[in-house]
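Please keep the sequence and the structure in view while reading.

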6 protein chains.
Amino acid sequence: MSTIARRGIHYLQKLNAANIPTALLEKGQNRVIDASLTLIRERAKLKGELVRALGGAKACPSLLGVPLGHNSSFLQGPAFAPPRIREAIWCGSTNSTTEEGKELRDPRVLTDVGDVPVQEIRDCGVDDDRLMNVISESVNLVMEEDPLRPLVLGGDHSISFPVVRAVSEKLGGPIDLLHLDAHPDIYHCFEGNKYSHASSFARIMEGGYARRLLQVGIRSITTEGREQGKRFGVEQYEMRTFSRDRGLLENMGLKGDVVAADVVEFNPQRDTVDGMTAMVAAKLVRELTAKMSK
Amino acid sequence: MSTIARRGIHYLQKLNAANIPTALLEKGQNRVIDASLTLIRERAKLKGELVRALGGAKACPSLLGVPLGHNSSFLQGPAFAPPRIREAIWCGSTNSTTEEGKELRDPRVLTDVGDVPVQEIRDCGVDDDRLMNVISESVNLVMEEDPLRPLVLGGDHSISFPVVRAVSEKLGGPIDLLHLDAHPDIYHCFEGNKYSHASSFARIMEGGYARRLLQVGIRSITTEGREQGKRFGVEQYEMRTFSRDRGLLENMGLKGDVVAADVVEFNPQRDTVDGMTAMVAAKLVRELTAKMSK
Amino acid sequence: MSTIARRGIHYLQKLNAANIPTALLEKGQNRVIDASLTLIRERAKLKGELVRALGGAKACPSLLGVPLGHNSSFLQGPAFAPPRIREAIWCGSTNSTTEEGKELRDPRVLTDVGDVPVQEIRDCGVDDDRLMNVISESVNLVMEEDPLRPLVLGGDHSISFPVVRAVSEKLGGPIDLLHLDAHPDIYHCFEGNKYSHASSFARIMEGGYARRLLQVGIRSITTEGREQGKRFGVEQYEMRTFSRDRGLLENMGLKGDVVAADVVEFNPQRDTVDGMTAMVAAKLVRELTAKMSK
Amino acid sequence: MSTIARRGIHYLQKLNAANIPTALLEKGQNRVIDASLTLIRERAKLKGELVRALGGAKACPSLLGVPLGHNSSFLQGPAFAPPRIREAIWCGSTNSTTEEGKELRDPRVLTDVGDVPVQEIRDCGVDDDRLMNVISESVNLVMEEDPLRPLVLGGDHSISFPVVRAVSEKLGGPIDLLHLDAHPDIYHCFEGNKYSHASSFARIMEGGYARRLLQVGIRSITTEGREQGKRFGVEQYEMRTFSRDRGLLENMGLKGDVVAADVVEFNPQRDTVDGMTAMVAAKLVRELTAKMSK
Amino acid sequence: MSTIARRGIHYLQKLNAANIPTALLEKGQNRVIDASLTLIRERAKLKGELVRALGGAKACPSLLGVPLGHNSSFLQGPAFAPPRIREAIWCGSTNSTTEEGKELRDPRVLTDVGDVPVQEIRDCGVDDDRLMNVISESVNLVMEEDPLRPLVLGGDHSISFPVVRAVSEKLGGPIDLLHLDAHPDIYHCFEGNKYSHASSFARIMEGGYARRLLQVGIRSITTEGREQGKRFGVEQYEMRTFSRDRGLLENMGLKGDVVAADVVEFNPQRDTVDGMTAMVAAKLVRELTAKMSK
Amino acid sequence: MSTIARRGIHYLQKLNAANIPTALLEKGQNRVIDASLTLIRERAKLKGELVRALGGAKACPSLLGVPLGHNSSFLQGPAFAPPRIREAIWCGSTNSTTEEGKELRDPRVLTDVGDVPVQEIRDCGVDDDRLMNVISESVNLVMEEDPLRPLVLGGDHSISFPVVRAVSEKLGGPIDLLHLDAHPDIYHCFEGNKYSHASSFARIMEGGYARRLLQVGIRSITTEGREQGKRFGVEQYEMRTFSRDRGLLENMGLKGDVVAADVVEFNPQRDTVDGMTAMVAAKLVRELTAKMSK
């Protein structure tokens with residue numbers, strides 16, 4: 001996947017150099033992006049209509065897959081994650097009820113608007129700035145269709161930036177973020193890539209999209225990670241003091257209204273043979289659904 | 001994936017029963033299908049423009065993924081195949097040259113129009129008849145964009161029916177087919193499913209889409225398989241007489257102009273840990289590219 | 001295994017339809033069942049004699065394998081479990097002592113009466129009612145041979161019904177049950193199968209075989225699961241309140257005399273390559289042995 | 001499995017030393033062996049009756065599993081093979097027809113008498129001499145039930161000795177043997193074990209059970225292997241001269257009437273994750289069935 | 001690996017019997033051992049010089065691999081562990097910072113003197129007594145080069161004996177030992193091998209190398225294990241009383257100055273496909289580095 | 001492994017910049033290299049003495065491991081290969097005889113001088129030019145010890161250059177080379193690395209070390225590959241014309257005296273779970289031993 005992506009960029013840059021009319025390329029890219037967003041919009045619209053026709057809901061989480069893996073610094077399998085997570089959610093070995101008893105098969109509890117066609121867009125030579133815009137716009141399209149709320153399936157952690165940006169812009173101001181991770185992903189830039197999965201929270205904080213950022217579970221943090229944390233006023237809770245901080249955290253945390261969520265960095269190519277990690281990802285999605293749906 | 005598909009059908013049937021206005025559902029499905037085909041069309045158009053801008057080609061194979069697995073009777077992993085095959089084609093452990101020396105990175109030799117959004121369409125409750133039409137129409141959209149020629153990545157064998165139908169209709173008459181398989185896939189119907197992966201060639205022959213059908217490599221054939229073969233005038237070459245038939249087969253076979261191809265039934269969930277079968281599928285795609293591109 | 005089972009039923013039903021004398025079939029089935037039970041009886045008898053000849057014990061857990069997987073709704077590998085668990089119990093990478101220091105190699109601490117020949121019985125067309133009776137009778141044969149006590153190796157969860165029934169009937173009244181599971185397995189019927197692994201506790205409660213049923217560890221329970229729980233007076237402890245309930249549970253729980261136990265639903269085909277789950281199942285058997293043996 | 005076996009022997013020897021009455025032990029062992037053989041007999045009888053009631057056959061191969069792994073010098077997984085091979089034979093990913101078109105689901109073409117309860121017998125302290133007799137007697141019981149013919153599923157190669165002995169004794173004289181293997185398995189004794197899987201053909205030749213022994217496919221043969229071959233007049237065809245010998249071998253080989261067969265040394269614990277070797281073993285069983293059934 | 005080792009011993013014993021001059025063999029072995037130790041010495045010396053040239057440190061942990069697996073009673077893969085642990089330490093999917101923020105890429109924090117060439121030495125017929133001396137001498141060579149401190153990568157647990165002996169002798173008296181393990185490894189002798197991985201702490205205690213031995217985490221202990229524990233005054237804390245003992249243990253334990261450590265018994269051949277256990281071993285090494293470096 | 005290597009280079013370059021005395025570093029590196037070569041020399045010497053003491057041989061292949069993986073462009077696992085190949089050679093599941101009957105356990109047929117300590121040398125900051133010299137010198141040390149002949153276990157294909165160079169220089173002129181591979185590995189330079197595994201034969205031909213180079217089995221060759229082939233007069237036989245060329249090749253090929261060999265590019269991290277590729281590598285080593293030993 002990553003190879004395709006790099007290749008896409010590579011030969012299109014060569015095309016430009018070879019005097020391919022820029023206008024031809026840009027027009028084509030725009031048409032492909034427009035068609036991609038139209039597909040998301042129509043799916044969100046149909047799903048919204050169905051939910052409402054069934055009696056409606058106050059909030060209905062809606063899956064949106066973002067199969068993007070090329071901004072990882074390591075293995076790039078997260079691009080393969082969305083269909084595997086869906087398979088694990090509906091897999092016969094578990095039932096379709098959340099721990100609190102909500103029935104996932106009820107479209108008012110959970111719906112699905114499919115995947116952003118990331119690979120198709122990148123392979124046309126679209127650059128990362130515009131790709132990030134497409135992701136933000138896709139999240140926005142879901143939120144436009146009341147009562148759908150985005151439950152995004154990554155992809156790597158780089159997608160959190162456009163997801164959070166879209167949510168913040170839609171809601172009209174900075175939002176509160178809970179970030180569960182072993183790493184703070186707040187490098188200014190990683191391996192020369194400002195959209196790296198290790199830099200997403202730097203972009204979010206710079207953009208003013210977060211009123212408050214809680215990072216819980218940190219196990220591996222460098223000096224830069226701590227300094228960036230201080231610079232942006234991030235509340236970083238490390239795993240080694242977790243038993244001390246637990247009470248504090250349980251008093252904030254998931255008490256508010258969860259308007260959007262993403263589950264990222266699941267790499268099916270590093271999973272066990274029987275897909276244990278896919279089951280964990282699906283469990284997260286189920287319980288986030290329980291939390292978000294109303 | 002299959003579970004999702006079945007669920008889609010299931011709750012939509014319940015929706016109908018619950019007096020959801022049929023018109024609402026059908027309109028939404030039509031809009032989703034239209035948006036899906038528009039995405040394929042725009043991608044094919046851009047890729048065609050690029051090939052022509054680079055000097056053109058007489059024939060340029062173009063990958064089209066059809067991630068459809070729900071018509072398999074066994075495991076349904078073929079829906080996961082297209083991205084894995086692409087990954088194996090471009091993977092760093094092989095080079096990008098065919099055995100005869102063609103350079104796959106040259107867009108005039110191989111291009112890619114992405115995947116038909118099968119899961120997204122089915123999840124809206126679209127039935128199999130219309131899904132098969134979407135696949136045929138997608139293949140047609142590739143062929144409309146001269147000099148692109150479809151090199152379809154399945155999915156299970158059920159997709160061969162809509163692929164062959166589209167090619168035959170576009171060319172204006174029955175075509176010659178070479179089918180390499182251990183099974184003839186020519187049951188009239190399998191487990192009650194006329195679009196089963198075990199019935200695709202029955203549909204092709206009934207539809208009059210094939211002038212001649214050669215099935216090579218058959219190892220496992222039932223009485224019905226043989227009778228259907230006779231009924232439709234299929235030329236069935238079994239593996240146990242392969243050494244006798246080899247000379248005969250080498251004199252026909254791939255001597256003609258290959259206008260389209262599909263590689264189907266690769267199931268990543270049954271692959272070895274290091275993806276040996278993905279590499280075989282990618283090798284087939286490479287050498288089919290060598291044969292088809294001009 | 002499941003395929004064999006289904007096939008067995010399938011062709012014998014056809015045989016009946018084809019006017020195969022029912023008497024012939026039933027007589028043969030009875031002879032096979034009798035021979036199977038005789039084998040269990042003789043093995044239990046020899047093991048009982050050995051334990052007594054070695055000085056006896058008050059209670060000696062005795063392994064009894066029930067390789068039954070066809071009542072699972074998902075994957076059916078639990079039929080392969082008993083030999084894998086035995087292998088893991090005696091495997092060289094652990095020693096043969098329980099945590100409290102009992103020596104498993106002493107036949108007074110643990111003995112083994114082998115497997116019920118489930119596949120052989122089913123393949124003769126024996127139906128599920130009679131198969132369940134064979135399992136109950138096998139458990140009974142172990143208990144007949146004082147001081148042996150059944151430590152049953154499943155198989156899927158459907159076997160808990162005939163196991164509990166046999167113990168209750170042998171002891172002359174309802175017994176107290178501790179059930180550790182993420183699911184309550186108390187559906188009235190699952191996918192049309194009253195002996196499903198998801199219905200075993202409905203059968204147990206209906207039959208009046210349990211005085212008290214504690215279900216601990218529930219993570220995934222549907223509305224029907226809760227309603228059936230109430231209907232039968234089941235004490236259901238969910239995982240999400242486990243830290244609260246822990247103290248309470250430690251005060252009852254395994255304080256009584258454990259007269260029988262089963263370890264079920266281990267599926268070797270979903271295990272890790274190095275058999276981590278088999279080791280967990282073996283650990284459970286070891287420590288149950290420590291608890292049961294006297 | 002092997003550990004269980006060794007343990008069984010170990011503690012029973014200690015029991016003897018501890019003045020456990022030998023008569024008690026021997027009587028119990030005899031009762032277990034009798035019950036085991038009765039189970040085989042009853043199953044063979046019922047299967048024979050069914051075949052005859054369905055119109056009969058001239059020869060009907062009948063599966064007999066011998067899950068014996070403790071005579072292997074290397075890994076002992078072959079004891080787990082019989083259920084895996086059955087699963088692969090009936091597995092949904094292939095159909096149930098042989099290459100020549102025989103339908104395996106027809107009980108006149110293939111039937112099954114289940115497994116010899118090897119582990120249960122050994123765990124009672126029965127020694128190898130008597131275990132080998134039990135296997136021979138089991139094979140004999142199948143042949144007693146006309147028209148059943150034994151198609152034995154090992155287990156390791158040590159079982160070929162009792163299988164061939166039974167067939168030869170039943171037919172009243174030495175038989176012709178075709179042995180496909182990379183090793184000749186003809187050591188006089190291997191690691192001190194005369195029943196080793198590397199010594200089975202030494203036992204067969206010494207016993208006078210073979211009129212002619214063809215060993216085809218030899219790739220790894222020691223000086224002792226060649227000398228034993230000469231001593232017993234074995235016809236050894238090595239892989240490195242296979243292309244030269246092929247014509248010769250095709251003129252004898254499987255031309256005769258195949259009265260019995262075994263498929264041995266399949267080790268599920270060394271199989272690929274998706275059971276490729278199990279599929280090969282099942283394929284052998286299918287085509288042997290085609291050859292043997294009449 | 002183990003096979004090689006056993007073979008080495010085997011044919012050299014035969015060589016002696018065949019009147020190979022003992023002097024020739026011993027001289028050669030001595031030269032090989034001398035060259036091996038020279039290689040360790042030169043590497044330690046260079047690494048010490050670099051650390052000092054960079055400004056020095058009070059204590060700098062230095063990896064020393066001891067790829068020894070032949071003293072395990074079970075599988076012998078620990079001989080393959082050192083390169084896998086190194087790979088996991090530096091692997092791109094984690095960063096190179098410890099939880100407390102020390103940078104592992106700084107040579108003053110962590111350095112590496114490579115592996116003792118165990119296989120090369122054993123294959124020359126060197127016996128276990130002398131091999132254990134080579135290991136002790138290698139550990140000593142690291143400690144000679146101030147400020148390097150040995151962080152040894154096993155290998156199986158048998159190497160703890162020569163490691164502890166070297167540290168104790170270097171420091172001039174018995175040391176305090178913390179041993180985290182499920183087994184006490186304190187058999188007088190195991191399967192006839194006094195250097196077995198199950199006997200290392202018997203050797204350590206007999207030699208008077210430990211002032212105090214805390215064994216924490218014991219889950220599987222035999223009567224001999226407890227008796228040896230008493231005999232040597234070992235403080236054994238079992239897992240089943242861990243919650244009770246935790247407070248006590250946190251008050252001693254790792255409060256002192258850690259002068260040396262080993263991480264043993266990691267067997268790559270039993271790891272999951274994605275190397276989860278290697279990552280755990282690497283995590284231990286990272287945090288031990290944090291603790292040891294000053 | 002590769003990460004270690006890169007790290008080594010990285011921090012040593014930084015050390016130089018930080019005014020670490022170059023003399024200090026170079027002296028240390030020289031001492032480490034000298035000690036490494038001394039270890040190889042002593043092992044070769046001892047093995048040569050043993051062979052001669054046992055009666056000698058005309059030619060005795062001697063294993064020499066070169067665990068070098070950092071010059072691969074793809075995955076770098078070949079550095080882990082030498083111990084796995086040794087394990088597979090001596091593994092209990094095969095016997096120790098070649099197809100022609102030579103006994104590998106006889107030290108006059110096969111001996112082993114162990115591994116070049118590649119990782120230890122690189123981690124001291126030694127550059128690739130000097131590392132290649134160390135490998136050549138190690139091969140030379142084996143050949144110095146008559147009758148030992150090098151049978152090198154890679155490592156990736158980059159090691160063929162220093163191996164061939166050493167053999168040619170020892171023999172006093174260009175040698176004939178048979179190269180079995182799917183790729184020609186004759187790029188002038190690959191990804192900026194002149195010692196890449198894809199460039200080894202360019203280095204060999206430039207150096208004048210080969211009189212004749214036959215490349216057999218080529219399946220994937222680029223335009224540069226063909227042009228370099230022509231430039232250096234390489235005889236390239238492609239797989240697609242193999243059936244035509246076979247007769248020709250069988251008449252030259254391995255008819256001469258094989259003075260040295262290497263087996264490279266085996267990557268244990270891409271092997272099947274049961275090590276099928278390791279077994280293939282070991283089989284090659286066995287039969288090369290049969291061919292080389294005299």
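The points below cover a chain pair, the salt bridges and a surface patch.

This is a predicted model. A search of the whole structure turns up 132 salt bridges over all chains. Eight salt bridges cross the interface of chain C and chain D.

**Chains C and D**

- Chain C superposes on chain D by a rotation of 180° with 0.0 Å of shift along the axis, at an RMSD of 0.0 Å. The two copies are thus related as by a two-fold rotation axis.
- The C-alpha of C:A35 is the one in chain C nearest the axis, at 3.2 Å.
- Both copies use the same surface, since 98% of the contact residues of chain C recur in chain D.
- In the contact, 49 residues of chain C meet 48 residues of chain D.
- About 4500 Å² is buried between chain C and chain D. Carbon and sulfur atoms give 65% of that area.
- A salt bridge joins the side chains of C:R31 and D:E49 (3.5 Å, N to O).

**A salt bridge between chains E and F**

- F:E42 pairs with E:R31 in a salt bridge, with the closest N and O atoms 2.6 Å apart.
- This pair crosses between chains, from helix α2 (residues 22–53) of chain F to helix α2 (residues 22–53) of chain E.
- F:E42 is buried, at a relative accessible area of 14%.

**Salt bridges within a chain**

- A:K294 and A:D257 meet through their side chains in a salt bridge (2.3 Å, N to O). A:K294 lies in the segment after α10 (276–292) of chain A and A:D257 in the loop between α9 (242–251) and β7 (261–263), so the pair ties together parts 37 residues apart in sequence.
- A:K294 is partly exposed at 42% relative accessible area. A:D257 is partly exposed as well, at 43%.
- D:R226 forms a salt bridge with D:E238, and their closest N and O atoms are 2.5 Å apart. D:R226 sits in helix α8 (residues 223–232) of chain D and D:E238 in strand β6 (residues 235–238), so the pair ties together parts 12 residues apart in sequence.
- D:R226 is partly exposed at 23% relative accessible area, whereas D:E238 counts as buried at 13%.

**A salt-bridge network**

- A:E99, A:K283, A:E287 and C:R219 are linked in a network of salt bridges.

**Nonpolar surface patch**

- A:V273, B:V273, C:V273, D:V273, E:V273 and F:V273 form a nonpolar patch on the surface. Together they have about 510 Å² of accessible area.
- E:V273 is in the loop between β7 (261–263) and α10 (276–292) of chain E. E:V273 counts as partly exposed, at 47% relative accessibility.

Terms used:
Residues numbered from 1 in each chain as written. Chains lettered and ligands numbered in written order. Predicted model: local features only at pLDDT ≥ 70, side-chain atom pairs only at ≥ 80, totals over all residues. Heavy atoms only, no water. Patch = residues over 30% accessible without salt bridge, like charges linked within 9 Å, V, L, I, M, F, W, Y side chains within 5 Å. Areas by Shrake-Rupley, 256 points an atom, 1.4 Å probe, with all protein chains shown as cover. Salt bridge = Lys/Arg side-chain N within 4 Å of Asp/Glu carboxyl O. Helix = DSSP H or I, 4+ residues; strand = E, 2+ residues; numbered from the N terminus. Buried < 20%, exposed > 50% of the residue type's maximum accessible area, 1.4 Å probe, protein only. Least-squares fit on C-alpha atoms with pLDDT ≥ 70 in both. Contact = heavy atoms within 4.5 Å. Buried area = accessible area lost by both parts, 1.4 Å probe.
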